[in-house]
Amino acid sequence: GSPRLSNLSESQIGSPVEQFTFEGKTYSRSFLNYLRGLAFMKKHIDTGQIETVMEVGGGYGTLGEILLKCEEKDYFYLDVDIPPTGYIAAYYLKQVFGSQAIASYGVTRDWEEIDLTKAKTTHRATVVTPWQLPQVKGQIDLFVNFISFQEMEPDVVTNYIDHVNRLGATYVLLRNSTKGKKSVGRRIVRDDYIRLLSSFHLIASDSFVFGGWSPTAESEDMIFRRK
């Protein structure tokens with residue numbers, strides 16, 4: 001079922017130095033992390049109805065590249081990130097899929113409303129800033145956060161989750177530290193995610209095969225479905 005992951009290969013835009021090659025396909029660690037998370041999700045839910053995906057903290061656009069390269073479905077990807085990283089993600093995705101396919105801040109900053117239904121008719125992905133998130137209207141099928149909520153204070157994560165609820169997400173896929181990060185004043189831990197996502201059921205979690213475990217740290221994949 002979609003998204004089909006076995007034939008994907010990461011681009012070499014930017015001449016990356018951290019890539020692995022298997023059977024003629026290239027993967028960075030970031031690319032493999034997302035593939036692993038999506039594979040975990042596919043083990044536990046029917047992903048066939050997922051088309052519109054929102055991510056907070058998309059890095060240089062890895063998840064967007066994976067989804068937009070899945071030819072069996074017209075995925076739409078919305079990336080919410082701070083200006084430096086969002087700029088890089090928009091640039092990278094434009095290099096991979098063409099400048100007309102991606103609506104960056106230069107396009108959306110003049111929009112009074114970022115209507116996802118309309119955006120899908122003109123673009124394949126949109127990269128917006130956090131302060132634009134209240135302008136986003138429509139519905140998302142899946143919300144994703146990989147290893148960045150753990151860097152935020154709980155009130156910041158709460159604000160993002162409020163928007164996830166407002167946009168009617170059916171599923172949530174998280175990967176974050178179970179015990180929080182020492183660099184954060186008020187750590188957000190596993191129980192916080194479950195509490196903040198109280199309108200969702202926790203379907204499955206894993207920190208050994210699909211997440212990451214060591215004697216000093218534990219990173220857990222969690223899949224939620226709306227109640």
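Student: Where is Ile147 placed?

Tutor: Ile147 sits in the loop between S9 and helix H6 (154-166). Helices (H or I, at least four residues) and strands (E, at least two) are DSSP runs, numbered from the N terminus. This model is predicted, so local features need pLDDT of at least 70 and side-chain atom pairs pLDDT 80 or more, while totals for chains, interfaces and linings use all residues. Residues are numbered from 1 along each chain as its sequence is written, and side-chain values use heavy atoms, with hydrogens and water left out.

Student: Why is Ile147 called partly exposed?

Tutor: Buried means under 20% relative accessible area, exposed means over 50%, and partly exposed is in between (1.4 Å probe, protein chains only). Ile147 has 37%, so it is partly exposed.

Student: What makes the phi of Ile147 worth a remark?

Tutor: Phi is positive, about 60°, and Ile147 is not a glycine. Most residues other than glycine have a negative phi.

Student: Which value does phi take at Glu23?

Tutor: Phi of Glu23 is near 50°, again positive in a residue other than glycine. Glu23 lies in the loop between S1 and strand S2 (25-27).

Student: How do you know whether Glu23 is buried or exposed?

Tutor: Its relative accessibility is 77%, so Glu23 counts as exposed.

Student: What is the form of the peptide bond from Ser2 to Pro3?

Tutor: That bond is cis, with omega near -5°. Most peptide bonds are trans. Pro3 belongs to the segment before strand S1 (20-22).

Student: With which residues is Cys70 in contact?

Tutor: Leaving aside neighbours within four places in sequence, Cys70 touches Pro3, Arg4, Leu8 and Tyr75. Contact means heavy atoms within 4.5 Å. Cys70 itself lies in the loop between helix H2 (62-68) and strand S4 (76-80).

Student: Why is Cys70 called buried?

Tutor: Its relative accessible area is 2%, so Cys70 is buried.

Student: What makes strand S3 largely enclosed?

Tutor: Five of the five residues of S3 (residues 52-56) are buried, so the rest of the structure largely encloses this strand. Thr52, Met54 and Val56 point one way, Val53 and Glu55 the other way, and all are buried.

Student: How do you know that S3 pairs with S4?

Tutor: Two strands pair if DSSP finds at least two bridges between them. Five bridges join S3 to S4, and the two run parallel. Val56 has Val80 as its bridge partner in S4.

Student: How many bridges join S3 and S9?

Tutor: Three bridges, in the parallel sense, join S3 to S9 (residues 142-146). Met54 stands opposite Phe143 in S9.

Student: Why is the unit of S3, H2 and S4 called right-handed?

Tutor: Picture the strands pointing away from the viewer: a crossover is right-handed if the path from the first strand over the helix to the second runs clockwise. S3, H2 and S4 make a right-handed β-α-β unit.

Student: What makes Lys69 and Glu65 a salt bridge?

Tutor: The definition asks for a side-chain nitrogen of Lys or Arg within 4 Å of a carboxyl oxygen of Asp or Glu. In this pair the closest N and O atoms are 2.8 Å apart. Lys69 has a relative accessible area of 26%, so it is partly exposed. Glu65 is at 0%, so it counts as buried.

Student: How far apart are N and O in the salt bridge of Arg175 with Asp221?

Tutor: The closest N and O atoms are 3.8 Å apart. The pair links distant parts of the chain, with Arg175 in strand S10 and Asp221 in strand S13 (residues 218-226), 46 residues apart.

Student: How do you know whether Arg175 and Asp221 are buried or exposed?

Tutor: Arg175 is at 6%, so it counts as buried. Asp221 is at 0%, so it counts as buried too.

Student: Which N to O distance do Lys181 and Glu151 have?

Tutor: Their side chains meet in a salt bridge at 2.9 Å, N to O. Lys181 lies in the loop between S10 (171-177) and helix H7 (190-196), and Glu151 in the loop between S9 and H6, 30 residues away.

Student: How many salt bridges are found in the whole structure?

Tutor: The search finds six.
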